Amino acid sequence: MIKIQEVTLFIYWILSLVKFSTQNSSSRIYDGQVLVFVFPLSDRHFKVIDKWSSNSLCKEIEEVRSYDGKIQLLCPFDRFGKIEEDLKRFGIIHFVLTKDVGKFIRDNEGADSTRRDLSTMTWKEFVGYDTIIKWMEKLAKDHPSFVTLIDMGRSIEKRKIYAMKISLSLNKTDAKAIWVDSGIHSREWSAISTGTYILNKLMEVFKAGKTSDKYSNYVKNIDWYVAPLLNPDGYVYTMTKNRFWRRNRRSAPAGKPDMCAGVDLNRNFDTDGHYAGTSTDQCSILYRGPFPESEPETRALVKTIMKHKENIRIFITIHSYGGYWLTPWAHTYHLPEDYLNINRVGVHAIKGALRGYTKMSYPNSSYKLGSVSQLLYVCGGTSMDWAKMKAGIQLAYALEMKGMFFIENKTNIIPLAEEIWSALKEIAAHPEDWADLNVTTTKKNSAMVLLPLCSLLWSIVLGFYFVWVGY
């Protein structure tokens, strides 16, 4: 069922997309493409949509359909007349976002890809790979007393994959730490800019010295690991060739087109249920790879986490979009035995995100809290499940930032990132709920908790919260 709040958010998002007339080569392949969001309500509706796909009239951007009911279709403009007739004839609720996707991308994301590698870091633009890497190297060089640059490895095209440790106790082995990463799916630019924004805010806090701000003191009592760009090859490709590219850039099999290149890195981890919700088709965007951890980007994350896992108490991987604070499991509908504790820390995070809300961002709305499999869909081989199941990090989360699509207006970079930074500060302020947890490998699932009851209780809590704070 389509919720009034979700429709309101969607309309507000459309209105927030201020136009900037610029060039972007990775958007050109989408010139003349229509982007339409459809909300099928019956089996008949789904059959109509499936017929369009099978006849190559339209292409679904996502190969997996989530429970929110929204399907995103790319349709050539010269064929959209027939599609629009069917939408009206069969009574399918729909919204045409744009009749020229390429122009829509350029209007909202701004600068030409050739100018994205800037000399200085900024959060007023979506910056390129080289800018991020040089900025991280400079941070480590300028602040050796509390910053360590971690060379995680190289991508399949030999680009650097970095993480940074920020800590006042660089030589201690028993400090409690939080891990944050982003950019495992290359088209999620908002997630990547948020990863670098968090890194920058941590630098500001640690450079500031003594302060009366309680959140800053909590933040400095923790070690932080931040890896803002896990899929550098894919990210460069989204800026130069194909804006919606999701996977890494492993070469396509002989005789196959470029669309068959790459592996979905977030289906490539060695977890139970690795096959669930994934594909063995090399041309699928959900292709899980020839075997678990087949990709150098995946192995880089695994190697780094395993080296520091005794200190890491919380694992957070940032994605976009949708407005979800997601918990294990992704590969099964069952929930972990310690789900209530996972949920408790998630509540702190969402409370913090609400505190970080600004009028420049989306209208007042909360992140939805729950397991991936129960709120979105079943998917195996994810980094979140791996972190909890194999690395033994009890509190593992996958965050889907607010938004309605992969294209975000550059004026929303900071407001959206500020919400996540505020969420992390709130988590840091409640170490009693996570700092003393031991690292344990989780292999078994408990019985499934009834999602409707959880959702109802959470909605009631949020309702009281909104009334109390006056939103």
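## Disulfides

A disulfide is counted here when two cysteine sulfur atoms lie within 2.5 Å. The model is a predicted one, in which local features need pLDDT of at least 70, side-chain atom pairs count only at pLDDT 80 or more, and totals for chains, interfaces and linings use all residues. Residues are numbered from 1 along each chain as its sequence is written, and side-chain values use heavy atoms, with hydrogens and water left out.

The structure has two disulfides. In one of them, the sulfur atoms of Cys58 and Cys75 are 2.0 Å apart. The torsion about this S-S bond is about 110°, so the link between Cys58 and Cys75 is right-handed. Cys58 sits in the loop between α2 (43-54) and β2 (59-60) and Cys75 in strand β3 (residues 71-76), so the bond ties together parts 17 residues apart in sequence. Helices (H or I, at least four residues) and strands (E, at least two) are DSSP runs, numbered from the N terminus.

Cys260 and Cys283 make a disulfide with sulfur atoms 1.8 Å apart, and theirs is right-handed too, with 90° about the S-S bond. Both Cys260 and Cys283 are buried, as are Cys58 and Cys75. Buried means under 20% relative accessible area, exposed over 50%, and partly exposed in between (1.4 Å probe, protein chains only). Taking the bonded cysteines in sequence order, the pairing reads 1-2, 3-4.

## Aromatic pairs

Now for the rings. Rings of Phe, Tyr and Trp (its six-membered ring) pair if their centres lie within 6.5 Å; planes under 30 degrees apart are stacked, over 60 edge-to-face, and the rest tilted. The count comes to 15 aromatic pairs. One of them joins Tyr30 and Phe244, with centres 4.7 Å apart and planes at 55°, so this pair is tilted. Tyr30 is in the loop between α1 (4-16) and β1 (33-39) and Phe244 in the loop between α8 (232-240) and α9 (296-308), so the contact ties together parts 214 residues apart in sequence. Tyr30 is buried at 10% relative accessibility, and Phe244 is buried at 7%. Both belong to one aromatic cluster, together with Phe37, Tyr321, Phe405 and Phe406.

Phe126 and Trp189 also form a tilted pair, 5.6 Å centre to centre with 50° between the planes. Phe126 is buried at 2% relative accessible area, and Trp189 is buried at 0%.

## Charges over rings

A charge sits over a ring if NZ of Lys or CZ of Arg is within 6 Å of the ring centre and within 35 degrees of the ring normal. Trp189 has Arg243 over its face, 3.7 Å from the ring centre. The charged end of Arg355 sits over Tyr215, 4.2 Å from the centre of its ring.
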